[in-house]
Amino acid sequence: MKKKIFYFFIFIITILIIFLNFKGPRYTGVDYLVYKEKISNFQKIKEFYIRYYNYKQLVKKITYNLEKEKDEIIKISEWIYFNINKKSNEDVTIDSHPWTIVERQIGVKDQFSDILSVLLVINKIESFFIAKIIEYKESDPLTFFKYKDKWSIIDPYYGIYFINNQKEFCSIEEHKKKKCALIHLKYGKISDDKISEIFFDKDFKNYNDLNSHYNLIFRSIPSTEDIENTNKYLRGGRSYVQTPIHRLVYQIQKYLNLI
């Protein structure tokens, strides 16, 4: 019996060593050209846990001494808005792991939503992002997050979040009914004279133009029911799979063809 157990463990260790040394592809986008390199599973796992540790330390630093979840959401959004630079024409676009956005401190529009959704999930707040809601040239990525059992929205690239009459984050339903006010992470309530500065690459003339822009998009955002009925790993982005437990569940579901 002992000999069988010994051989079993030898077999498991051998399989584990083979698996860890097996090489798989890693893809990196540079100015929208995709490059492939092969690295070992051991290196992949090691780098994954290093990134996870970095995410946790960053979120801990950002939310230090905050007690309310609402304050944490706003503070994480502020950190991204003030610390991640918007890519200029001279900057190279790198699409790798979300942590690369933090390391480089540069991002394009969808990368702002990408890293925000990741940091919110690390902070135990459900979140994902959708790169394009509708086929409308002004439609930009939006980050969805769950607060007090309701799904809400932030536009991290322009630093916009939305509140209702109770000064709480707007729900999906309130967005669809046009019951939300726009708040900026730096300026608070948005005045007409700040619009061209905030939306530097758009042609909004006043607050009504801005409000109409978002309301057009919000007509097509998924409902709460749609979001809840969608497998979280398929909602949008890669926020959930940056944590070990979710990565494991995702890989199991993928292996079993459940997603």
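Which residues in the largest nonpolar core touch the most other members? They are Ile80, Phe144, Ile160, Phe162, Phe199 and Tyr214, out of 61 residues in this core. Helix 5 (residues 109-122) brings the largest share, eight residues.

This is a predicted model, where local features need pLDDT of at least 70 and side-chain atom pairs count only at pLDDT 80 or more, while totals for chains, interfaces and linings use all residues. Residues are numbered from 1 along each chain as its sequence is written, and side-chain values use heavy atoms, with hydrogens and water left out.

A nonpolar core here is a set of buried Ala, Val, Leu, Ile, Met, Phe, Trp, Tyr and Cys residues joined through side-chain atoms within 4.5 Å, and buried means under 20% relative accessible area (1.4 Å probe, protein chains only). Helices are DSSP runs of H or I with at least four residues, and strands are E runs of at least two, numbered from the N terminus.

The largest pocket holds about 1,000 Å³ of space. On a 1 Å grid over the protein atoms alone, a pocket is an open set of points where a 1.4 Å probe fits, with protein on both sides within 12 Å along at least five of seven lines; lining residues have an atom within 4 Å of a point. Among its 25 lining residues, Lys44, Phe48, Arg51, Arg247 and Gln251 are the closest to its centre. Helix 2 (41-62) gives the most to this lining, and strand 1 (23-30) and helix 10 each supply at least two residues.

| Kind of lining residue | Number |
|---|---|
| Nonpolar | 11 residues |
| Polar | six residues |

Methods:
Buried means under 20% relative accessible area, exposed over 50%, partly exposed in between (1.4 Å probe, protein chains only). Grid points are joined across faces, edges and corners, and a volume is the space filled by probe spheres set on the points. Ala, Val, Leu, Ile, Met, Phe, Trp, Tyr, Cys and Pro count as nonpolar, Asp, Glu, Lys and Arg as charged, and the others, Gly among them, as polar.
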